[in-house]
Amino acid sequence: MAMQKLLVVEDDEGLQRQLRWSYEHYEVIIAGDRQAAIDAVRAHSPAVVTLDLGLPPDPDGVTEGFATLDAILRMAPGTKVIVASGHGARESARRAIAEGAFDFYAKPVDIDELGLIVRRAFHVADLEAENRRLEETLQAGNVLGGIITGAPEMMKVARMIERVATAQVSVMLLGASGTGKELLAHGLHKASLRAAKPFIAINCAAIPENLLESELFGYERGAFTGAVKTQEGKIELAEGGTLFLDEVGDIPLPLQVKLLRFLQERVIERIGGRKPIPVDVRIVCATHQNLEAMIAAGRFREDLFYRLAEIVVRIPTLAERPGDAVLLAHHFLAKYSRENQRSFKGLTPDAVAAISDHGWPGNVRELENRMKRAVIMAESSRLTASDLDLGKNEDLASLSLKAARDAADRMAIRRVLARTQNNLSTAAKILGVSRPTLYDLMRSHNLETN
């Protein structure tokens with residue numbers, strides 16, 4: 001793997017040697033003045049530059065250093081430039097950051113402190129490079145009629161849905177809340193042979209149990225108090241198209257029997273009616289619950305499950321979609337900026353890093369809500385990590401090996417739980433730990449199952 005390129009713009013030969021020795025794990029390029037720095041940026045395209053503002057022919061001032069900063073950012077706006085000066089450090093720092101510098105440090109140089117800043121600059125540069133790569137993969141448009149992704153895990157889901165879209169099978173979407181199940185269901189409908197017909201969605205968890213039957217099957221006039229006219233149900237309204245049953249695990253058992261009968265016979269009877277009504281409709285359903293566990297507990301019918309789950313699609317969490325959080329953040333920034341008639345230049349480096357590092361327990365819905373709120377409330381021209389209420393992205397503690405191991409453990413547990421639908425026994429076997437140990441790990445990482 002090629003070494004990361006670090007350009008050091010410094011006229012002090014002793015400090016040049018010290019910095020080259022300190023950063024032996026980078027490919028260090030040295031420049032002693034503005035023209036040499038410009039030539040180096042043009043030839044090597046370094047991701048990170050450390051720049052001493054006191055350059056010849058103005059080594060006791062900052063004029064030449066700021067001219068160099070301006071030249072570098074004009075040539076390569078994405079370069080992370082870390083400036084240093086012993087002349088009026090506070091005033092120079094404010095001016096440098098205002099003119100586009102990534103960070104600032106005062107002389108005399110503290111190698112450890114500067115090393116931390118350099119490491120963070122490379123981290124942010126890598127995130128932004130990955131984000132650009134993901135955006136390039138989407139130049140031809142979003143996948144599956146609206147899904148924004150560059151992650152292989154989600155692309156695989158999209159391709160699977162596209163393959164089954166034209167087949168006459170029922171599809172069950174399994175995934176945590178906020179992962180985009182309804183958007184995928186709508187994409188499936190648009191890719192199917194029923195695209196010109198209605199797409200009707202109903203959230204089975206949002207409707208009281210005593211009203212859900214009438215919502216699904218409709219009712220005849222006089223069927224019950226308040227039934228002053230005949231009303232078609234959602235199933236009838238979806239004739240020829242797709243009926244999306246969100247949170248299907250919340251359908252009560254008595255209604256599950258009636259739904260199963262419809263799936264077997266493809267006819268319905270409205271409440272209070274006697275006439276069978278044939279309906280041609282495709283069923284797509286979704287849930288975040290573990291239906292197999294509900295079947296074992298007697299809360300969901302096994303025969304209905306197999307009718308609904310002819311094809312099962314498991315949707316990854318946002319944490320399992322590398323790069324997608326930043327990609328979606330840019331999408332939501334553009335969307336809500338238009339809606340609220342606000343103008344932003346983009347995301348700050350600390351916001352990009354914080355978005356990438358956050359676990360997103362609420363998935364895409366949480367990210368969208370944070371971005372929407374930030375667009376409304378932010379006062380600066382770029383959204384920061386603070387605007388998103390994500391706090392400072394990285395400190396010394398986050399760079400320790402223990403923190404890295406904890407982050408890896410947390411990611412592994414979250415992924416296995418998602419793929420096993422929170423089946424702790426199966427998850428423990430996959431992870432190679434006992435079930436009590438898995439409980440302890442989940443508690444220590446603040447992970448919960450639904």
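About 820 Å³ of space lies in the second largest pocket of this predicted model. A pocket here is an open set of points on a 1 Å grid over the protein atoms alone, where a 1.4 Å probe fits and protein stands on both sides within 12 Å along at least five of seven lines. Grid points are joined across faces, edges and corners, and the volume is the space filled by probe spheres set on the points. As the model is predicted, local features need pLDDT of at least 70 and side-chain atom pairs pLDDT 80 or more, while totals for chains, interfaces and linings use all residues. Residues are numbered from 1 along each chain, and side-chain values use heavy atoms, without hydrogens and water.

The lining of this pocket is made by 26 residues, each with an atom within 4 Å of a point. Nearest the centre are E128, L347, T348, P349 and R382. The lining divides into nine nonpolar, eight polar and nine charged residues; Ala, Val, Leu, Ile, Met, Phe, Trp, Tyr, Cys and Pro count as nonpolar, Asp, Glu, Lys and Arg as charged, and the others, Gly among them, as polar. Helix α5 (111-137) gives the most, with four residues. Helices are DSSP runs of H or I with at least four residues, and strands are E runs of at least two, numbered from the N terminus. Domain 1 (4-138) and domain 3 (319-398) both contribute to the lining, so the pocket lies between them; these bounds come from an automatic or database domain assignment.

Buried residues of α10 are L255, Q256, K258, L259, L260, F262 and L263, where buried means under 20% relative accessible area, exposed over 50% and partly exposed in between, with a 1.4 Å probe and protein chains only.

Most residues other than glycine have a negative phi, and most peptide bonds are trans. R266, in the loop between α10 and β9, has a positive phi of about 60 degrees and is partly exposed at 30%. S45, with phi near 50 degrees, is exposed at 58% relative accessibility. The peptide bond from P56 to P57 is cis, with omega near 10 degrees, and the bond from K107 to P108 is also cis, with omega near 5 degrees.
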